[in-house]
Structures are given as C-alpha cells and as structure tokens.
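Subject: Handing over the structure, with notes

Dear colleague,

I am passing on the structure below, and I would be grateful if you could look through it alongside the notes that come after it.

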Amino acid sequence: MFVIVKFGKNETRLFNPDCCVNNLLHCIKEKCNIHPQDTLDLFCEEMGALDLYTKGSCRALDFLKPRQSYVLLKMKMDSSGSPISYTSLLQEQCPTVDIDLNIPYRPAGTQKRWDEIKNALTA
C-alpha cells in the first residue's frame with residue numbers, strides 16, 4: 001500500500017500512508033528535502049488541498065487513497081496558524097512532444113485544467 005507524492009522537477013516518491021498523518025508528513029519532509037519547519041499539505045484533483053496539517057494523529061489512510069498521486073504543497077501560515085496561501089512544490093514541465101507526429105504528450109484539456117489548478121494554488 002502506497003501513495004505517490006509529486007514534487008520538484010517531475011520527481012516522485014512513494015510513501016506508506018498506513019501511519020498517523022504527523023509521521024507521514026515528517027517522512028515526506030525528510031525524503032523530499034523539505035525544511036522541518038515548513039508546513040506541508042497534499043493536493044489531488046478530486047479533493048483539492050487535503051489540509052493534512054489539521055489531522056495530526058489521525059490515520060493518514062482515512063484521507064488518502066492508496067496508489068493515488070498527490071502534489072506536494074508548501075503552506076504559508078498567518079500568525080494564528082491559518083493558511084494564507086499554498087505553493088505547489090511541483091515545478092511544471094513543458095509537455096513532451098513527439099517530434100515526428102507533433103502530437104502533445106498530454107491529452108486534450110489536461111494542460112488547461114493544470115493551469116487552472118496552478119493559478120488557484122498561487123492566487
């Protein structure tokens with residue numbers, strides 16, 4: 001049982017979500033070279049930002065679907081501990097293009113949806 005976390009320049013790491021949320025977030029920070037003081041969250045297209053930072057000692061499997069891919073987010077918090085903004089830690093790559101056929105690698109509409117998500121995360 002695992003989840004896929006996407007970050008950086010199209011990097012991925014597998015994590016076992018059968019643990020408490022705090023342990024999972026700690027492991028993600030460690031394996032993805034994130035500063036220990038940063039507040040992280042995960043994002044998926046179906047559910048948006050999961051607000052895992054509020055789940056503490058709850059079981060991560062209660063919020064994550066096995067074999068699902070999630071984008072790693074860094075959160076900026078205000079003085080009261082509420083999120084002000086989310087920043088995707090996945091650096092978007094240009095779609096791969098098949099030179100011979102000049103066909104974009106991503107299916108039609110995928111780029112537009114990703115742009116909408118990216119704009120929402122950085123707004």
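This is a predicted model: local features need pLDDT of at least 70, side-chain atom pairs count only at pLDDT 80 or more; totals for chains, interfaces and linings use all residues.

Residues are numbered from 1 along each chain as its sequence is written, and side-chain values use heavy atoms, with hydrogens and water left out.

Overall fold

The chain contains two helices and eight strands, and read from the N terminus these elements follow the order β-β-α-β-β-β-β-β-β-α. Helices (H or I, at least four residues) and strands (E, at least two) are DSSP runs, numbered from the N terminus. Of the 123 residues in the chain, 32% are buried, where buried stands for under 20% relative accessible area, exposed for over 50%, and partly exposed for what lies in between (1.4 Å probe, protein chains only). The accessible surface of the chain is about 7900 Å², and carbon and sulfur atoms hold 50% of that area; such areas come from the Shrake-Rupley method with a 1.4 Å probe, and for residues only the protein chains shown count as cover. Among the contacts (heavy atoms within 4.5 Å) with a separation of 6 or more, 53% are between residues 24 or more positions apart.

Nonpolar cores

A nonpolar core is taken here as a set of buried Ala, Val, Leu, Ile, Met, Phe, Trp, Tyr and Cys residues joined through side-chain atoms within 4.5 Å. The largest one has 19 residues, and those with the most contacts inside it are I28, L42, L64 and L72. At least two residues of this core come from each of β1 (3-7), α1 (21-31), β3 (39-44) and β5 (69-77), with the largest share, four residues, supplied by α1. Once its neighbours within four places in sequence are set aside, I28 is in contact with V5, F15, L40, L42 and L72. Another core of six residues lies apart from the largest one, and its members include F43, L73, M75 and L90.

A buried aspartate

A polar atom of the D41 side chain does lie 2.9 Å from the backbone nitrogen of L52. Not counting residues up to four places away in sequence, D41 touches A49, L50, D51, L52, V71, L72, L73, M75 and Y86.

Salt bridges

There are four salt bridges in the structure, each defined as a side-chain nitrogen of Lys or Arg within 4 Å of a carboxyl oxygen of Asp or Glu. One of them joins R59 and D18 (3.1 Å, N to O); R59 sits in the loop between β4 (48-49) and β5 and D18 in the loop between β2 (11-15) and α1, so the pair ties together parts 41 residues apart in sequence. R59 is partly exposed, at 41% relative accessible area, and D18 is partly exposed at 41%. Another joins D38 and K74 (3.7 Å, N to O), and this pair links D38, in the loop between α1 and β3, with K74 in strand β5, 36 residues apart.

With kind regards

Key
A polar contact is a pair of N or O atoms within 3.5 Å; within protein, one must be able to donate a hydrogen and the other to accept it, and residues adjacent in sequence count only if both atoms are side-chain atoms.
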